[in-house]
Each structure stands twice: as structure tokens, then as C-alpha cells.
Amino acid sequence: MDIPILETRALSKSFGAVDAVRGVNWQVQSGTVCALIGDNGAGKSSLIKLISGVYQPSAGEIWVRGEKAQINSPQDALKLGIAPVYQDLALVESRNVVMNLFLGNELTHGPLNIFLDHRRMALEAQRVLLEMRSRIPSVFEPVRKLSGGQRQAVAIGRTLIRQGEIIILDEPTAALGVEQTGEVLALVQRLREAGKTVILITHNMSHVMQVADQVAVMYRGELVHTTRKEDTDEHQLVARIMGWKPENKESKENKETEAA
Amino acid sequence: MQSTSLPSRPLRLRPAEWLLENGLYLSTLLLFIAFALFVPNFLSLDNMLVILGAAAIKGIIAAGFTLAAISGLLDVSVIGVLALASVLTAVLYERLGWPLPLTLLVVVVGAYLTGLVNSWMVHNARINSFVATTATSSLFLGVAIALTGGQSIVITRPELQGVFLARPLGINLAIWLTFAVYGLGYVLLNHTKLGAHFYAMGINYQAARLSGIRVGRVTRIALVISAMATALAAVIATARAGNTLLFGTTITGYDVSEIFIIALLGGVSLFGGYGRIERNLVAALFLALLYNGLQLLSAPASVWLLLKGVAFIFAILFDTLRQRQQAR
């Protein structure tokens, strides 16, 4: 698998005077879990929004499966198999699990395919939840009655329903307790086993070391470091997040004088 | 677990929830019984048809309003569209002598255009729907007044009334049309992909957009449907009245607040994402029943207005309470 499933070339995004993303060259290999880490404001969310079609680049290109991609809207990204799961999960609280799983992607049948196929959707929803080994009691449960971990499962389930290939998880465990976090991490591994590519944005270094294959570090809008999990450890990653560069000793002194 | 059998739906409703769900039906039934017992001349076939006929027009407008409201769009340009559709009908059909089918076609196109204007304001100009449609209502009303030069037009050609006041199988065409509109609306909302998208957009606009739903398109469709329903109601009402609904610079007999009341009593939420169109029909009936009963009792107009106000407040409270309960 030499051609990366996702690649950005000199990708940049500016908001007025603020350069949120600066010339990012990033390759993500198919079937891997790639952790995207960095401090607050480093540009992780912006980079992801560029890939998922919420933002349009100020400069640079996005390549998917070896072909240049024009991603002008969330729909374009979805058609390419890029399935983001945002931090707020983008769920419709008052509707049930089935409708949320199929949001925007409802199954139809009948003449001209106009009529919703409730039956098929309910069965499919059950199958997906089973596949994820989720403990949601009923697919007809309204989402607002679900716990954080269960909602996360629904949000991720949606990507499976959409046949997402590149699944982007933005801080999936941020608001979860210990047990639910474990469930989500297990889910990430199951996604990889199913052949999906997962991009995981997280602040938690121990999660990175647990599930990631590759790690990409962002600092002030730039992609400053990429490595395999085996070649690094938590300390090194934290240092990178804070902007440490290994070229020469002076870089650290420069930072100190900058701060002064 | 065998995944070939359909999972069962949970079935539980606490008493308070049951009352909120079915209070409308209950109230309508009780009102009907009360009037049947205590109001003379109430329980006659003719009177029943009068009630249904009155409920029909406002019901049709409310159906369109509800559909848009479910999508999170409050379309209050009702008055403007009513005026414009009514005036277009009168000017083309009566003054210019156009054939009825052509006139109706132009009215449909006109309604479509007003829907587009509204959706441009809301989606492209990103103006809050209530504000935007209040503004466009004046715009449409202005166009309507300009078309007639401020004068009322009396319909003398017989076909319009011949068609729209006909009584196939003894029941007003208006009533048939109302059932057709509600039937289509029900199927659209509950059994089509578009209907699911209306609800999604209404409850969580961002979620809908990020899920790939084309919110611009859904907005357009919702507002066009609302305009078309209002235009249909306008044509029927014009036929019934025998002249344009526009008197000088206002429309008499139609008030946006009543449409709100019907929609709210019918379970529509001003916050979007809720509403079941079939309940609107009952709500429209409820109001028509009330009005009819008060008329037969020769009650003063103030009683009607007071009760309308109470119903309105009650409906808003119900909506707000329900929102708060949902947010738990």
C-alpha cells in the first residue's frame, strides 16, 4: 500500500491575519490509525475541517487515493469516503438511534425510491450496533437518553453506515468516563481491524500510545513531526507539541529569549 | 441475538405525557359534546359542513406553515402571499379575462417565486426566518396593492366559483382539498427522505448540514410549499368571497396569529423540529368549532378574541414546557 489514502500538499488556511494551517504536507496510509496531536490552537481542527469540506483551503491541495480531490462541501468529502465525527457529535437529540444513524443517508424503497424504508433501516441499525458491540438497549431509543459513550457509538456508527473509509474522530473521549473511554478505544481498534483508516485527534498521550500506528504533531499551524508509534514515547511527543526541535541546542535558547 | 427479526418499539407513556399528547383531541371532543348539548342548531349536517369549510382554508395555510416550521423556518409572509395570490387571480381572470387554467398556472408560478424570495432571504442572506418573512410579507402586499391600484375587484365570471365552490359527493371541494393537502403532507413528512431532512434541519441545523443534507435545497422546498399552500387557500377564499381578499391595504378576516395558534396547538414548535401535521387539522377544527359555537350563541366578539388569546398563550406555554422537558 504505497499510495497514501489521504495526502495534503502545502495545505494552508488563513482567516484574515491568522494563519490557522500553514503549508501542511501530510500522508496518511490506508488501514492505519493516525493520531493527530498538538496543543490548543495548533491547527488540528482547522486541518480536519479542510479535509472534511467545512473549510476551503487558502492554498494547497488534498489528494485522496492518489487523485487530486476538489472538496468544496461536506457532501464532497462524504462522497470520497471521508467521514468526520465532530466533537459535538452532530446528533439530532430528540430523534431515535435509527434516524440518527441514517441522518442524511436514509434508505428508501418503492416507486421512484421516495418512501423511507423504516424496516430496512431498523435492521441495518441493529446490525451496525452489534458489529460495534455497543450496549445500546434499543435502536428506537431517542438519542438524548443515551450516555456519552453510547452517543459516541452512534456517531461512529453513522460513519460505518455511510461506508466511510477515512474516519476522523475529533477528541472522542474528551467528555467520557474511564469505562466509556475504554469502549471507544476498543472501537477504534475494531475499525482498523475492519480495514478502515482512522485519524484520531486527541490530547491524551496514553491513548495515542495505546491505539495509534502513526503520530502527526502540529505546532502553530505547521505539521512539525510525523513518526511511527514504535519510534517514540510520551515524553518526546509532549516535547514536540510544545515546539521542541532537534536541529541544534540554540533552538531552546531562542525560545527562552522569545518568551522574555 | 438474531438480527433478522424486527426490534420491538418501546411502548410507555406516563399520564402527564399522555395528557400533553392527547389533550388537543380530548378538548376538541369535549367542546363538540358540550356544544351539541347546550347550543341550539349546532348539531345539523349543514352546520357541520360550515364548520369544516371554515376550518379548511386556515387549515390549508397552517399545513404549509407547519411544514416550514418543522424545518425551523417561521414563514409569516402569509398575509402578503394571500393578498398577492388573490389579486393575481382576480386581475388575470376577471379583469383580463384569461382562462381559468392559465390563471391558476400563473398563480402557482407566482407562489413559487415568493417561496424563492423567502428562501433567498433566509438561506443566502442568512436572515432570521421570522424577520425575513415579515419583511417579504410587506413586499408581496405592496405588489398586490400596486396591481389593483388599491381597488377591490368583484368576480363576475362564473367558472372560478363553479370549480372551487363545487360540492362533489355533497362535500365542499375545499374540504376535499384540505384532506388532500394533509394527506400529502403526512406522507411527505413521515415516509420520505425529504421529510426526515425537514425534521433534522429543524432540530439541529448544524448536524444536518454536516451530515451532507443540502440545507439550501431543503429550505427552498419548505418555503415554496408554504407559499403554495397559502396560494391555494387564497384562491379558494377568493372564490368563496366573490372578490379579492384585499380591501384597501389590508386583508380582512385573516390573521397570522390564528395560523400560529393552529400550528402551536397542533404541536409545532417555534424552535423547529417538532410537529405532526395531522394534529393541525384537529387544531383547525377546534378553532372553527369554537368560533361556530360562539356565533350560534350570539356571543359578543370580545369573547372570541379573549378565548383565542387564552388558547394562544396556552399553546406557547405548552411548547416552552415541552422544550424544557426535552432538554433534560
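Trainee: How do E1(A) and E2(A) run, parallel or antiparallel?
Mentor: Antiparallel, in this predicted model. Strand E1 (residues 6-15) of chain A and strand E2 (residues 18-28) of chain A are joined by 7 bridges.

Trainee: And how many residues sit between them?
Mentor: The two strands form a hairpin with 2 residues between them. A:Gly16, in the turn, has a positive phi of about 65°.

Trainee: Which residue in E2(A) is the bridge partner of A:Ser14?
Mentor: A:Asp19 is the partner of A:Ser14.

Trainee: What about strand E4 (residues 59-64) of chain A, how many bridges join it to E1(A)?
Mentor: E4(A) is joined to E1(A) by 5 bridges, and these two strands run antiparallel. A:Leu6 has A:Val64 in E4(A) as its bridge partner.

Trainee: Next topic, the open sheet in chain A. What is the strand order?
Mentor: The order is E6-E9-E10-E3-E11-E12, 6 strands with mixed pairing. Strand E6 (82-85) and strand E12 (222-228) of chain A are the edge strands, each pairing on one side only. From one strand to the next the twist averages 20°.

Trainee: Remind me, what does mixed refer to?
Mentor: Strands of a sheet pair through backbone hydrogen bonds, and they can do it parallel or antiparallel.

Trainee: In which sense does E6(A) pair with E9(A)?
Mentor: Parallel, over 4 bridges, with E9(A) covering residues 166-170. In that pair A:Ala83 stands opposite A:Ile167 of E9(A).

Trainee: Which helix packs on the sheet and touches E3, E6, E9, E10 and E11 of chain A?
Mentor: Helix H1 (residues 44-51) of chain A does. The direction of H1(A) makes about 150° with that of E9(A). Helix H6 (residues 178-193) of chain A lies across E3, E9 and E10 of chain A and runs at about 155° to E10(A).

Trainee: So is E3(A) covered or open?
Mentor: Mostly covered, since 20 or more other C-beta atoms within 10 Å is the cut-off for buried and 6 of the 6 residues of E3(A) are buried.

Trainee: Which residues are on which side?
Mentor: A:Val33, A:Ala35 and A:Ile37 are on one side, A:Cys34, A:Leu36 and A:Gly38 on the other, and they are all buried. Side chains in a regular strand alternate between the two faces of the sheet.

Trainee: How many bridges join E3(A) to E10(A)?
Mentor: There are 4 bridges, and the two strands run parallel. A:Val33 has A:Val198 as its bridge partner in E10(A). E3(A) also pairs with E11(A) in the parallel sense, over 5 bridges. A:Leu36 is bridged there to A:Ala216.

Trainee: Changing topic: how many residues of chain A are in contact with chain B?
Mentor: 27 residues of chain A, in contact with 23 residues of chain B. Helix H2 (74-79), strand E8 (115-116) and helix H4 (118-131) of chain A are the elements that give two or more residues to that side of chain A. H4(A) gives the largest share, 6 residues.

Trainee: How do the residues on that side divide into nonpolar, polar and charged?
Mentor: The side of chain A that touches chain B has 16 nonpolar, 6 polar and 5 charged residues.

Trainee: What ipTM does the predictor give the complex?
Mentor: An ipTM of 0.72, along with a pTM of 0.81.

Trainee: On to chain B. How many helices and strands are there?
Mentor: Chain B has 13 helices and 2 strands. The C-alpha trace of chain B spans about 70 × 55 × 40 Å along its principal axes.

Trainee: Is B:Gly183 buried or exposed?
Mentor: Exposed, because it has 12 other C-beta atoms within 10 Å and the cut-off for exposed is 12 or fewer. B:Gly183 lies in helix H7 (residues 173-191) of chain B. The C-alpha atoms of B:Gly183 and B:Ile277 are separated by 9.0 Å, with the two residues 94 apart along the chain.

Trainee: Where in chain B is confidence lowest?
Mentor: In strand E2 (residues 250-251) of chain B, at a mean of 76, while helix H4 (residues 100-124) of chain B is highest at 95. The mean pLDDT of chain B is 85, and 93% of its residues reach 70 or more.

Terms used
Residues numbered from 1 in each chain as written. Chains lettered and ligands numbered in written order. Predicted model: local features only at pLDDT ≥ 70, side-chain atom pairs only at ≥ 80, totals over all residues. Contact = placed C-beta atoms within 7 Å. Nonpolar A, V, L, I, M, F, W, Y, C, P; charged D, E, K, R; others polar. Pairing = 2+ DSSP bridges. Axes fitted to C-alpha atoms, helices over the stretch in contact; angles between N-to-C directions. pLDDT = per-residue confidence, 0-100.
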